[in-house]
Amino acid sequence: MYETIVTGGGNEMVGMLLYIGLIFGVIYFLLIRPNKRRMKEYNDMLSKLSVGNKILMSGGIYGVIKKMDDNNLDVEIAKGVVVTIPKHAVANIE
């Protein structure tokens, strides 16, 4: 009594999957990959820290590393003023 008409539904599904795959590819190359590269560069910069380096902290304060351990740095920000900061608070090596 009722007829089922199938009209190219498979082709539409393949097209939709290709479209979704293309969107994920664009997101990966525009967002994820550059962020991974920046994080690798940042971690490399942190591994190069040594006593005597002049650094810029994330708060915008310049200082010189006086002492360091695995996670913290003692930074002299003015003559006789030494603060302890976490290593990840370093924004750049000057």
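Setting aside its neighbours within four places in sequence, His 88 is in contact with Tyr 42 and Leu 46. Contact here means heavy atoms within 4.5 Å. His 88 sits in the loop between strand 4 and strand 5. Buried or exposed? His 88 is exposed, at 60% relative accessible area. The cut-offs are these: buried is under 20% relative accessible area, exposed is over 50%, and partly exposed lies in between, with a 1.4 Å probe and protein chains only. One more point on this residue. His 88 and Asn 72 are 16 residues apart in sequence, and their C-alpha atoms are 8.5 Å apart in space.

Now the ground rules. This is a predicted model, where local features need pLDDT of at least 70 and side-chain atom pairs count only at pLDDT 80 or more, while totals for chains, interfaces and linings use all residues. Residues are numbered from 1 along each chain as its sequence is written, and side-chain values use heavy atoms, with hydrogens and water left out.

Next, the overview. The protein has one helix and five strands. Helices (H or I, at least four residues) and strands (E, at least two) are DSSP runs, numbered from the N terminus. From that end, the order is α-β-β-β-β-β. There are 94 residues, and 18% of them count as buried. Take the contacts with a separation of 6 or more: 34% of these join residues 24 or more positions apart.

In what order do the five strands lie? The order is 4-3-2-1-5, in an open sheet with antiparallel pairing. The edge strands are strand 4 (81-86) and strand 5, and each pairs on one side only. Neighbouring strands are turned by 45 degrees against each other on average, direction ignored. For that angle, axes are lines fitted to C-alpha atoms, for helices over the stretch in contact, and angles run from 0 to 180 degrees between N-to-C directions. As for pairing, two strands pair if DSSP finds at least two bridges between them.

Let me walk across it. Strand 3 and strand 4 are antiparallel and joined by six bridges. Their hairpin has two residues between the strands, and Gly 80 there takes a positive phi near 85 degrees. Strand 2 and strand 3 pair over four bridges, again antiparallel. Three residues link them in a hairpin. Strand 1 and strand 2 (residues 62-68) pair over three bridges, antiparallel. That hairpin has four residues between its strands, and Gly 60 in the turn has a positive phi of about 95 degrees. Strand 1 also runs antiparallel to strand 5 (residues 90-93), with three bridges.

Some residues show both sides of a strand. Leu 56 stands opposite Tyr 62 in strand 2. Leu 56 also stands opposite Asn 92 in strand 5. Lys 54 has Val 64 as its bridge partner in strand 2. Lys 54 also lies over the face of Tyr 62, at 5.4 Å from the ring centre. The test for that is NZ of Lys or CZ of Arg within 6 Å of the ring centre and within 35 degrees of the ring normal.

Now Asp 74, in strand 3. Where does Asp 74 fall, buried or exposed? Asp 74 counts as buried, at 16% relative accessibility. Its bridge partner in strand 4 is Thr 84. Beyond four places in sequence, its contacts include Val 64, Ile 65 and Val 82.

Next, the core. The largest nonpolar core has eleven residues, among them Met 45, Leu 49, Ile 55, Leu 73 and Val 90. A nonpolar core is a set of buried Ala, Val, Leu, Ile, Met, Phe, Trp, Tyr and Cys residues joined through side-chain atoms within 4.5 Å. Helix 1 (9-47), strand 1 (54-57) and strand 3 (72-78) each give two or more residues to this core. Val 90 has contacts beyond four places in sequence that include Tyr 42, Leu 46, Met 57 and Ile 85.

Last, the rings. How many aromatic pairs are there? A search of the whole structure finds one. The ring centres of Tyr 28 and Phe 29 are 5.2 Å apart and the planes stand at 85 degrees, so the pair is edge-to-face. Rings of Phe, Tyr and Trp (its six-membered ring) pair if their centres lie within 6.5 Å; planes under 30 degrees apart are stacked, over 60 edge-to-face, and the rest tilted. Tyr 28 is partly exposed at 34%, and Phe 29 is exposed at 52%.
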